[in-house]
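Please walk through this structure chain by chain, and then look at how the chains meet.

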Amino acid sequence: MTLLLIVLLPLVGALLPAWFIRWGRNQSALAAGVVTGTAFALLLSLSSSVFAGEVPRADWTWMSSIGLSLAFMADGLGYLFAFLILGIGLLVVLYARYYLSEKDPMGRFYAYLLLFMGAMLGVVLADNLIVLLVFWELTSLTSFLLIGYWKHLPEGRQGARMALVVTGGGGLAMLAGFILLGNIAGTYQLSEILQMGEVIQAHDLYAPMLVLVLIGAFTKSAQFPFHFWLPHAMAAPTPVSAYLHSATMVKAGVFLLARLFPALSGTELWFFLVTGAGAATLLFAAYVALTKHDLKGLLAYSTVSHLGMITVLFGIGTAAAAVVGIFHIMNHAAFKASLFMNAGIVDHETGTRDIRRLSGLWAAMPITGVLAIIAAAAMAGVPLFNGFLSKEMFFEQAWALEYQFVEGVPWLLPAIVTLAALFSVAYSIRLVWSVFFGPQAEDLPKPPHDPPFGMLLPVGILAALCIVVGIVPVLVAGPMLAVAATATIGIAPPEYSLTLWHGFNIPLLMTALAFVGGIVAYWKRWAIIGLHEGPLPFPEAKRIFDGTIDRLAAFSHGTTAALENGSLQRYLALLVGAAVVAMGWPFLTGSWSAGPGPGTPLDGMSLVVWAILVGAAVATAALHRRRILALVVVSVVGLMLALAFVHLSAPDLALTQLSVEVVTVVLLLLALHLLPKEGPSEDSIGRKARDVGLAVAAGCAVTAMAWVILTNPVDTISGFHLAESYPGGGGTNVVNVILVDFRGFDTFGEIIVLAIAGLGIYAMIDALGVPDRWKIGSPDDEVRYPLLLTVITRLLLPLALLVSMYLFLRGHNQPGGGFIAGLVTAVALILQYVASGIGWTTDRFVRDYHGAIALGVLAAGATGLGAWLFGYPFLTGWFDYFELPIIGEFELASAVLFDIGVYLTVVAGVLLMLVNMGKIRNASAAAPDAADGEG
Amino acid sequence: MIGELVVSLFILVGATFALIGSIGLVRLPDFYTRLHGPTKATTLGVGALLLASVIYFSALREGLSLHEALITLFLFMTAPVSAHLLVRAGLHHRVESRSRAPAEDHGHPDPEAPI
Amino acid sequence: MLTFALTFGFTAMGLAMLLNIVRLVKGPDTVDRVTALDTLYINTIAVLMLVGIRIGSDIFFEAALLIAMMGFVGTVALAKHIRRGSIIE
């Protein structure tokens, strides 16, 4: 439970700072701090059991059919990461309070930050691959919000988009990989998968699965060639960079390598892919970092480089190397967060991040300078700082390598590593020396001075950690490293020593080489930068990315435009054509044929009806351009169809058909009033031939299918429905019982769709600016509202409502029901609108159709929920019979309540649509009048 | 069977009138006279058929069957109104009397024009 | 006797419906066609009555009732459209 709370607290608590901002910035920051602090305290409450070697777990079955459960575990690795996420998160919350300016919406910042924090916690504490993936993608989404926080900056938006595309896309590859992994292992439960390393690695699909999972990890951790999004994400506010690129976002990738280490590592493929990508990233990014003039750009590439180093360590695949990887994750988080915050302070207090403009800040910002020196020394790997320890251990691992990249060149990786360390020393010096020492800069945008205490405190805490870990590693980092390493490897880690002095050995030599070379490289940095910017132009990743995205977009647009040219006729032709092929195929291949069943005898009356039906249908198509005429002919089709339903013993369908028909006619008349009387003639002969051909083919196909189905003995579901209708649903009208009981959930969905459609039409028409009160014709306006019609329709209304009630009440057992009754009521009210006008009718009947729609949907929903009260699933029907004096036996069924919901929604939905359609014309007609009146 | 005879009679009368109404709709020379067929003869014919149904089911079920009465009420109330509105629509269109009107040539209806 | 009457009735009503269609096709004016449609609706009610008597069931009375209602509303809407253009104002 604690575990779930740790994850949920930031996610839910994200609302608090956004809400508290109304009382001030301090209150908002405090809310974010309290949320983070509480989660941190909860995590610390697990410490004793984690350090005792236990693994706190929480497991809720979510969808058991696909092996998905909401499972969390806090083993050493997860605990370490959660510690970093929450601990550094707390510092970032404090730092951001002072970093953000008055103009920045702080509540939103903290809300995004907490959301991201919750997503990260979900990733590191998940005990289920799918859960992990869900949170993984959530980190991509929330980091998008954070990186693009300054949405007025185009770089911010582009950087956020790039990060989302790369990491989100990588997440999709990872999803595929995880599904493969889940299939190989037979479970998605991480703790089980981690036990099955040998089975997984022996499987045929190991290689594709590994590549897919690694794409996910590499995109997240900005490994070559997916590294390019990270420097562009620097457009984010510095607290975001400090958080995302030290302890969280980019560490998710290496976290995944660590998490799946027992299951996936140790093969040759793993080594070449992981160490290869890591080594390339390590060297390349370290070199580029030296050439960057932007403080944050330099730090971004150094981050990429250090992630490369961690990746190399996991790639080596030995337990000892993995331990070092974990150790460096801890160290890097501390010094890199500190450095980013430091860069933010410099930016904040001087107004620039350009190293070429910054110089001699020591005099003005001594405290900042000291803290920067400490963190940079840790980054460079100077003895007595934490970075030195992990870097020495790294050298040792690289030297003791088991595999060789190139046969016979065992020194390749050590050489790469030393060279990268050399650049690392050089850029660390540049970061400190060029900024804080040398002549004092004259032309800074702001006069520099040390920042407020609140900004220095987080940096100071982290810098202190760098020193303490560097001097007494065993005491401070030892226990955490031990449990995290144990959890990563799966067994007790091999002997390792966290000491400063290992004697004169190869790693020490490599360190010395790196330092000497690094100082030289810094001294000669302009030559290197000149080389980088001049004769050795790097392909610019952003340009390539943008070009790729543009080409993809153009391709998508082209494909879409080719398929979807806006012609509804074409879509319909494609649709019908596909249906014809699908229906015709079984006939052509002979798998379908007519059965032995007898035909239905034909009588004269049916012949007449069918003839009229066919004729009218053809006439509708032929006359479609003369719109009113076509509408009249369509009405004939509808009427004949209703007769056909009657003939085929489907009274419910006939009733529905008749009511829908007239509603459609009214709707079309309303629409036709806004359109020309004649449709345009654009059809070429070819088009007409195509359409006629398609229509005939579709007709023949449907006929043939009906013929096959009706003549073959088929066992349909109707038998079940007929048999179960009365005992199961308490009604003798099967159609209605199906609607409100057997398939009640479908009906519920349908009325919601109807409600949405009605509201959608209302919203659309409302957006046209239709006035709420419009000009009402005088009540005795004989032209608009003929007296005879007005009087008779008012007499008819109660009669029609009576019919509607009758259809409703007996609907469960006889033809009728809520849907038909609703249509009848709607038509009766529409008649009032037609005869007496909007003003008269609105004044006397319901005005608030929205409310009625909501009431209807709620009534139906509440009926469904009511079943829960009695311990049955949603929408379980109930009915019983009662005896009352005088009235006699009668039935009460929950389906009737449901039907009331259907009824209300139908009435209000139909009226909302039709009446608002009617208002369009009246608004446009009334507009000049109104202008005259006021002008 | 008196009942059956009466029902049959009503059916014969009703169907005949309805048919005559429809014949009138086709045969009469202009819109205004044509309207007489359906409004008078057909309404009467359908009324007679509804009566036949009332008698038939009242005899069959041994109780008054009144659904048809509701339909009759509806029809007898609405038929004059429909006719009235159609005539007004026709007048508005200036459909010619006593001669075959030319093919539809009406333009957009002018809502403010007098009848 | 009843059988004969029903046969006559169906024949007459079928003929009547076909005649309605003739008027609907010939027009010439839209109001003629709407009149024909209205008549077709009413004749359909008659047919339903005959069907009811023949099968001895009143299951189609609701349909007949709705045809009477809906036919009227349809005719009113069409007539008002021809007369005024806008049917809800």
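The model is predicted. Confidence in chain B can be stated at the outset: its mean pLDDT is 79, and 79% of its residues reach 70 or more. Residues 99-115 of chain B are a stretch where pLDDT stays under 50. For that stretch the model has 22 contacts beyond four places in sequence.

Chain B contains four helices and zero strands. Read from the N terminus on, its elements run α-α-α-α. Of its 115 residues, 46% count as buried. Among the contacts in chain B that link residues at least 6 apart in sequence, 62% join residues at least 24 apart.

Chain C has three helices and zero strands, and from the N terminus on the order is α-α-α. It has 89 residues, and buried residues make up 76% of them. Among contacts in chain C between residues at least 6 apart in sequence, 45% join residues at least 24 apart.

Chains B and C touch each other through 53 residues from chain B and 49 residues from chain C. On the side of chain B that touches chain C, the elements that give two or more residues are helix H1 (2-27), helix H2 (31-34), helix H3 (36-61) and helix H4 (67-92) of chain B. H1(B) gives the most to this side, with 16 residues. By class, the side of chain B that touches chain C holds 32 nonpolar, 16 polar and five charged residues.

The contact between chains A and B takes six residues of chain A and six residues of chain B. On the side of chain A that touches chain B, the residues divide into six nonpolar, no polar and no charged.

In soluble globular proteins, nonpolar side chains tend to be buried together. The largest nonpolar core in this model has 220 residues, and A:Ala82, A:Ile85, A:Leu125, A:Ala375 and A:Cys466 touch the most other members. Helix H18 (residues 319-350) of chain A supplies the largest share of this core, 19 residues. What does A:Leu125 touch, not counting residues up to four places away in sequence? Its contacts are A:Leu3, A:Ile6, A:Val7, A:Phe72, A:Met73, A:Ala74, A:Gly78 and A:Ala82. A second, separate core has 157 residues, and it includes A:Ile853, A:Ala908, B:Phe57 and C:Val34.

Strand S1 (residues 57-63) of chain A and strand S2 (residues 68-73) of chain A run antiparallel and are joined by six bridges. Within this pairing, A:Thr61 has A:Ser69 in S2(A) as its bridge partner, and A:Met63 stands opposite A:Leu68 in S2(A). The two strands form a hairpin with four residues between them. In the turn, A:Gly67 has a positive phi of about 70°.

Further along chain A is helix H30 (residues 627-647). H30(A) is mostly covered, with 15 of its 21 residues buried. A:Ser649 follows H30(A) and has a positive phi, near 60°.

The last stop is A:Val827, which lies in helix H37 (residues 818-844) of chain A. Is A:Val827 buried or exposed? A:Val827 counts as buried because it has 28 C-beta neighbours inside 10 Å, where 20 or more are needed. Within chain A, its C-alpha atom is 9.3 Å from that of A:Val660, although A:Val827 and A:Val660 are 167 residues apart in sequence. Not counting residues up to four places away in sequence, A:Val827 touches A:Ser659, A:Val662 and A:Val663 in chain A, and C:Met69, C:Met70 and C:Val73 in chain C.

Notes: Residues are numbered from 1 along each chain as its sequence is written. Chains are lettered from A and ligands numbered from 1 in the order in which they are written. This is a predicted model: local features need pLDDT of at least 70, side-chain atom pairs count only at pLDDT 80 or more; totals for chains, interfaces and linings use all residues. Two strands pair if DSSP finds at least two bridges between them. Two residues are in contact if their C-beta atoms, placed from the backbone, lie within 7 Å. Ala, Val, Leu, Ile, Met, Phe, Trp, Tyr, Cys and Pro count as nonpolar, Asp, Glu, Lys and Arg as charged, and the others, Gly among them, as polar. A nonpolar core is a set of buried Ala, Val, Leu, Ile, Met, Phe, Trp, Tyr and Cys residues joined through C-beta atoms within 7 Å. A residue is buried if 20 or more other C-beta atoms lie within 10 Å of its own, exposed if 12 or fewer, and partly exposed in between; C-beta atoms are placed from the backbone. pLDDT is the predictor's confidence in each residue, from 0 to 100. The expected span of a helix is 1.5 Å times one less than its number of residues.
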